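Biologist: Hi! Could you walk me through this model? I'd like to go piece by piece.

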Amino acid sequence: MFRKLLPIAVAVAALAAAGQAAAAEHVVQMLNRGPGGAMVFSPAYVQARPGDTIRFVPTDPGHNAETIPGMLPAGVAVQRGPMGREFVLRVAQPGLYGVKCTPHYSMGMVALIQVGPAGSNLEAVRGAVARTPPLARRRFTEALARVR
């Protein structure tokens with residue numbers, strides 16, 4: 001019996017490993033100063049594929065990363081990273097993911113993650129951007145210009 005199941009188990013393990021190997025990790029730094037000015041994520045726009053991870057790395061203990069309600073694909077729950085610590089966002093659903101640093105949101109510390117095609121929630125994100133603080137709105141608008 002074991003000999004009959006061994007090839008199946010090996011095939012399943014190989015497929016699982018291949019799927020994990022295809023996933024990429026994107027690193028985003030949380031900076032007090034960087035490209036684009038003060039209080040920024042770098043990069044502030046990331047193109048990813050379903051299954052990828054986005055690792056937010058603080059360079060100062062005063063930052064975090066949190067997804068924004070209304071700026072997520074359908075069915076994706078809001079996630080909040082701890083203050084001053086790394087936060088890993090696993091993106092499975094295609095669409096746009098808005099991210100903010102909670103204490104610096106009004107200073108425009110935001111990022112936009114595009115996972116696969118953006119069409120599923122592009123209009124919802126555009127509507128939500130219109131209700132963000134002015135500096136965040138400006139940076140989101142810049143990121144949205146890169147969406148394809």
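Biologist: Let's start with Asn-121: where does it lie?

Modeller: Asn-121 lies in the loop between strand E8 (110-115) and helix H2 (122-129). Helices (H or I, at least four residues) and strands (E, at least two) are DSSP runs, numbered from the N terminus. Before we go on, this is a predicted model, where local features need pLDDT of at least 70, side-chain atom pairs count only at pLDDT 80 or more, and totals for chains, interfaces and linings use all residues. Residues are numbered from 1 along each chain as its sequence is written, and side-chain values use heavy atoms, leaving out hydrogens and water.

Biologist: Thanks! Is Asn-121 buried or exposed?

Modeller: Asn-121 is buried, with a relative accessible area of 6%. Buried means under 20% relative accessible area, exposed over 50%, and partly exposed in between (1.4 Å probe, protein chains only).

Biologist: And which residues does Asn-121 touch?

Modeller: Leaving aside residues up to four places away in sequence, Asn-121 touches Met-71, Leu-72, Pro-73, Gly-95 and Leu-96. Contact here means heavy atoms within 4.5 Å. For Leu-72, the backbone oxygen lies 3.3 Å from a polar atom of the Asn-121 side chain.

Biologist: Switching to sheets: in what order do the four strands of the open sheet come?

Modeller: The order is E2-E1-E4-E6, with mixed pairing. The edge strands are E2 (37-42) and E6 (87-90), and each pairs on one side only. Two strands pair if DSSP finds at least two bridges between them.

Biologist: How many bridges join E4 to E6?

Modeller: Four, and these two strands run antiparallel. Ile-54 stands opposite Leu-89 in E6.

Biologist: Now charges. How many salt bridges does the count come to?

Modeller: The count comes to five, a salt bridge being a side-chain nitrogen of Lys or Arg within 4 Å of a carboxyl oxygen of Asp or Glu. One of them pairs Arg-55 with Glu-86, with the closest N and O atoms 2.8 Å apart. That pair links distant parts of the chain, 31 residues apart: Arg-55 is in strand E4, and Glu-86 is in the loop between strand E5 (66-67) and E6.

Biologist: Which residues are linked with Arg-55 and Glu-86 in a network?

Modeller: Glu-25 joins Arg-55 and Glu-86 in a network of salt bridges. Arg-55 is partly exposed at 24% relative accessible area, and Glu-86 is partly exposed at 42%.

Biologist: What about Glu-123, which residue is its salt-bridge partner?

Modeller: Arg-126, with the closest N and O atoms 2.8 Å apart. Glu-123 counts as exposed at 54% relative accessibility, while Arg-126 counts as partly exposed at 41%.

Definitions and conventions: Polar contact = N/O pair within 3.5 Å; in protein donor to acceptor, adjacent residues only side chain to side chain.
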